[in-house]
Amino acid sequence: APKFVKSPKTGVYLSCIMFHEDKVLLTNEDFLPLLEVQDDVPSSASLQSDFYWLMKMSYVWPDISKLRLDMSKSGTDTLRYRLLTAAVNMQSALGTENLGVLYYKPLRHPNGGVVFSLVHHVKSPKSLVSLSLKWAPLSRAQKHQSIEEAEGVLDMIRGSIREQILFYQVSNISISKGLHLCYLQSYSTIDSMSVIVSNTSPSILPYIKVRENPHVTAEEWTWIRNLNNSHTSSFQH
C-alpha cells in the first residue's frame, strides 16, 4: 500500500479531501491523504497545462488504470503519467475509485511545493473503511501537528480545507429552469483562458433570469439578432 507523506517539501503532490457533513477523512495520525507525485516542479506553463489535463481526467476515474497503462507505452517519465500513478495509488489507499473533482487552482507554497487537491463529498461514510484511515471533525483536520514544519505545505493545505469544501458545494449549484440571459467575459493567455464567474456560483456564467418559460420563438430570436445588428451599425457610423 502507498505511504502517505507527512513532511512534504519541494515537489508536486496530490491530496484528497473526502468530507461528509462536518467530518473529513484523515489518517490515524490526523493527516490528510497526501501522496508525492514527483520531487521537482516543472515550469509554470507546463505545470498549468498538466493541471488542466488532470482536471479533465477527474471525470473518468473508472478508466484511470487503463489510461495509465496506455500512457506507459510511450514513456513513464512525464508528470502526466506520474499524476495518473499517484491517482491510482490514492484509489487503492482510500478504497474507492471516485476521488472527486480537482480544486480550481494548484496550491503553491513559497518553498516550492505544489499541491493538486481533489475534493469529494462522500454520501455514505461507511463505504470508506480502512484500518489506516478515520473520519474526524473538520476542526481536527485543520489543527497543526507538533511534528510538522511551521507554516509548511501541510499548514497551507489545512488553511484552505474549508474554502475548498465550500467551493465544491457552490460549484454544484445548478441554474433553475427558465430563460436566462448570461454574460461572457474572458481573459486569454497563450496556454489558458479564464472567464468571469460569480463567487457564489463559480460553475455558472453571470446571469439574470428573464422568465419561467425557456422556449424562444422565431420572432423573439429575430428581434434579439436585430438588436445585435443595430448595436454593430451604431459603432460603424
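User: Why is K209 called partly exposed?

Analyst: This is a predicted model, and the label comes from a computed value. K209 has a relative accessibility of 34%. Buried means under 20% and exposed means over 50%. The value of 34% falls in between, so K209 counts as partly exposed.

User: What makes E212 exposed?

Analyst: Its relative accessibility is 57%. The cut-off for exposed is over 50%, so E212 counts as exposed.

User: How do you know that E212 forms a salt bridge with K209?

Analyst: Check the distance. The closest N and O atoms of E212 and K209 are 3.0 Å apart. The rule asks for a Lys or Arg nitrogen within 4 Å of a carboxyl oxygen of Asp or Glu, so the pair qualifies.

User: How many salt bridges does this rule give?

Analyst: The count comes to eight. One of them joins the side chains of K134 and D30, at 2.7 Å from N to O. K134 lies in strand β7, and D30 lies in the loop between β2 and β3.

User: Is D30 buried or exposed?

Analyst: D30 is buried, because its relative accessible area of 15% is under 20%.

User: What separates D70 and K66 in helix α2?

Analyst: About one helical turn, because they are four residues apart in that helix. Their side chains meet in a salt bridge at 3.3 Å, N to O. K66 is exposed at 57%, whereas D70 is partly exposed at 33%.

User: Which residues form the nonpolar patch on the surface?

Analyst: V216, W221, W223, I224 and L227 form the patch. Together they have about 520 Å² of accessible area. V216 sits in the loop between β11 and α7.

User: What volume does the largest pocket have?

Analyst: About 960 Å³. Of its 28 lining residues, M55, Y104, F167, P202 and S203 are the closest to the centre. Helix α6 gives the most to this lining, with four residues. By class, the lining has 16 nonpolar, eleven polar and one charged residues.

User: And what lines the second largest pocket?

Analyst: That pocket has a volume of about 280 Å³. Its lining includes V216, W221, W223 and I224. Helix α7 gives the most, with four residues. By class there are seven nonpolar, one polar and two charged residues.

Terms used. Residues numbered from 1 in each chain as written. Predicted model: local features only at pLDDT ≥ 70, side-chain atom pairs only at ≥ 80, totals over all residues. Heavy atoms only, no water. 1 Å grid on protein atoms, 1.4 Å probe; cavity = no way out; pocket = protein on both sides within 12 Å on 5 of 7 lines; lining within 4 Å. Points joined across faces, edges and corners; volume = space filled by probe spheres on them. Helix = DSSP H or I, 4+ residues; strand = E, 2+ residues; numbered from the N terminus. Nonpolar A, V, L, I, M, F, W, Y, C, P; charged D, E, K, R; others polar. Patch = residues over 30% accessible without salt bridge, like charges linked within 9 Å, V, L, I, M, F, W, Y side chains within 5 Å. Areas by Shrake-Rupley, 256 points an atom, 1.4 Å probe, with all protein chains shown as cover. Buried < 20%, exposed > 50% of the residue type's maximum accessible area, 1.4 Å probe, protein only.
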